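Trainee: I want to learn how to read features off a model. Can we take them one at a time?

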Amino acid sequence: MKNETRRLRTVKTAHIMITVENDQSPIRASRLGFSSFATFPSLSDKVIPSQFPAMAEASRIFHSTLIPTLSLQLSKPCYNSHVYPSLSLKKAPRPVQCSVSTSETKSTSSNATQEVPWGCDIDSLENAEALQKWLSNSGLPPQKMAIDKVAVGERGLVALKNIRKGEKLLFVPPSLFITADSEWSSPEAGLVLKQYSVPDWPLLATYLISEASAQKSSRWCNYISALPRQPYSLLYWTRAELDRYLEASQIRQRAIERVTDVIGTYNDLRLRIFSKYPDIFPEEVFNMETFRWSFGILFSRLVRLPSMDGKVALVPWADMLNHSCEVETFLDYDKSSQGVVFTTDRAYQPGEQVFISYGKKSNGELLLSYGFVPKEGANPSDSVELPLSLKKSDKCYKEKLEALRKHGLSTSQCYPIQITGWPLELMAYAYLAVSPPSMSKQFDEIAAAASNKSTIKKDLRYPDIEEKALQFILDSCESSISKYSKFLQVSGSMDLDVTTPKQLNRRVFLKQLAVDLCTSEQRILFRAQYVAMHACATLE
């Protein structure tokens, strides 16, 4: 018992240093660059409730991520494989990402979504084989992998022969990259966008549509023909589906923001550029549906290449690789071989699918970005956003709000909790929320510690209010858990209103993704609840 008490007290004092991507996301604490976490007790302790069902993996992988704002600023993730910037012509950059959908064509607006007239079915091998042949004829060296249907990801790259750990693969030359500098089949369109100084992301989204509409006259015809006609993208979820299936998760709000941002980006382009050059950008080609497609393609496949000064590019062939939480290897440009490569961190046998990492992302972020949720417990980077809020009844509400705003925070913040711990900034916010008027001189110090932007010491200790702070976290966990429990309890009867097999397949798929996500996020909250509860008990 003494040993367990000692472990439980680590919630107050212990912390580890981690590296987190700072991707300039909207002001949302769980996406900020936290540098330290309070660690939870060992997972060998029996703390996870047994009622978690096993999460079936939605193996719809490798598809979509979006963004807003044309005054684009690129992010700097830990892994370069998939980057998420922003896109609007007016407002400050506010990066976003994108994610899931199914084969049913539904719009996020009241208008029916129409499939684009190019691309292929998500699992088409015929188009993929034509792509592989074209790439080989265009300078791609012989490969140890080939495109095939796979259990995880519809299509993927599988080993043709034994591949050793530490071996470099791919070697895609720059001549096969699509970048902001690529030559346009319609030079006039490229010239207009550059005259307006359109940043890389919206420029590339427009480029894809322009090249796709050029069909066989485009150099990239075989590549575009092998892209999915409709990506598994959050952009194809209706608002009602987002509200219904993601109601318990903080991911819902981020999803809504992303849909709104992409629509806003298209509208900016349409009003400022396309409407002024209708002969170059006809609406029957450059419209919301084609941009829905191009953003879905870009945000699932565009990569940042650190060794090329952070250049972003579409890299045909390399973008057929699927994600695994069990690997850490990622794409980059190799100056010695002059091509995009990755170095394997495990061996592969012939016929095995070869994986890379899309980055250290939570299940929610993977759902948002690529349309799948890993198996329960398979993602060591999984986390859940815990919302915290000041109470307006607080006697020092105005003073605390002022201190928070001074450090870029608001009365409502979300912080990421992992199965192993929570960020020290979360504990600081809890201290501020429960601090009495007698601590008013310390409000600024505590608020600074609650922000990742501050260099102030994070692991503050206030023994007199520590139990209240832990109880505040416990209450917040319980509030979130109740939302997940309610969703999971009613999820079995959510689809009784569908009337056709097509609707049923879609709804069942979306609901399964939501159930898997909610189950994984609730599991983390149960863990945090247990730790907070027992930490409180040790203070008595």
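Mentor: Start with burial: buried means under 20% relative accessible area, exposed over 50%, and partly exposed in between, using a 1.4 Å probe and protein chains only. Helices (H or I, at least four residues) and strands (E, at least two) are DSSP runs, numbered from the N terminus. Strand 2 covers residues 36-39, and both of its faces are covered. S36 and A38 are buried on one side, F37 and T39 on the other.

Trainee: What kind of model is this, and how are residues numbered?

Mentor: This is a predicted model: local features need pLDDT of at least 70, side-chain atom pairs count only at pLDDT 80 or more, and totals for chains, interfaces and linings use all residues. Residues are numbered from 1 along each chain as its sequence is written, and side-chain values use heavy atoms, with hydrogens and water left out.

Trainee: Which strand pairs with strand 2?

Mentor: Two strands pair if DSSP finds at least two bridges between them. Strand 14 (residues 421-423) pairs with strand 2 in the antiparallel sense, over three bridges. T39 stands opposite G421 of strand 14.

Trainee: What is the strand order in the open sheet of three strands?

Mentor: The order is 5-10-9, with antiparallel pairing. Strand 5 (168-172) and strand 9 (332-334) stand at the edges; each has a single partner strand, so one side of each is left without a neighbour in the sheet. Four bridges join strand 5 to strand 10 (residues 339-343). In that pairing, L169 stands opposite F342.

Trainee: How do I read an aromatic pair?

Mentor: A pair of aromatic rings is described by the distance of the centres and the angle of the planes. Rings of Phe, Tyr and Trp (its six-membered ring) pair if their centres lie within 6.5 Å; planes under 30 degrees apart count as stacked, over 60 as edge-to-face and the rest as tilted. The structure holds 17 such pairs. F281 and F286 form an edge-to-face one, at 5.2 Å centre to centre and 80° between the planes. F281 is buried at 2% relative accessibility, and F286 is buried at 4%.

Trainee: Which tilted pair can I look at?

Mentor: Take Y358 and Y370: 4.5 Å centre to centre, 50° between the planes. Y358 lies in the loop between strand 11 (355-356) and helix 10, while Y370 is in helix 10, 12 residues apart. Y358 is buried at 0%, and Y370 is buried at 0% too.

Trainee: Which residues form one aromatic cluster?

Mentor: W201, Y266, F274, F281, F286, F291, F295 and F299.

Trainee: Where does a charge sit over a ring?

Mentor: The test is NZ of Lys or CZ of Arg within 6 Å of the ring centre and within 35 degrees of the ring normal. R346 has its charged end over the ring of Y348, 4.1 Å from the centre. R219 lies over the face of W220, at 4.5 Å from the ring centre.

Trainee: Is N363 buried or exposed?

Mentor: N363 is buried, with a relative accessible area of 1%. This residue is in helix 10 (residues 363-370). A polar contact is a pair of N or O atoms within 3.5 Å; within protein, one must be able to donate a hydrogen and the other to accept it, and residues adjacent in sequence count only if both atoms are side-chain atoms. The side chains of N363 and S520 make one at 3.4 Å. N363 and C518 are 155 residues apart along the chain, with their C-alpha atoms separated by 9.6 Å.
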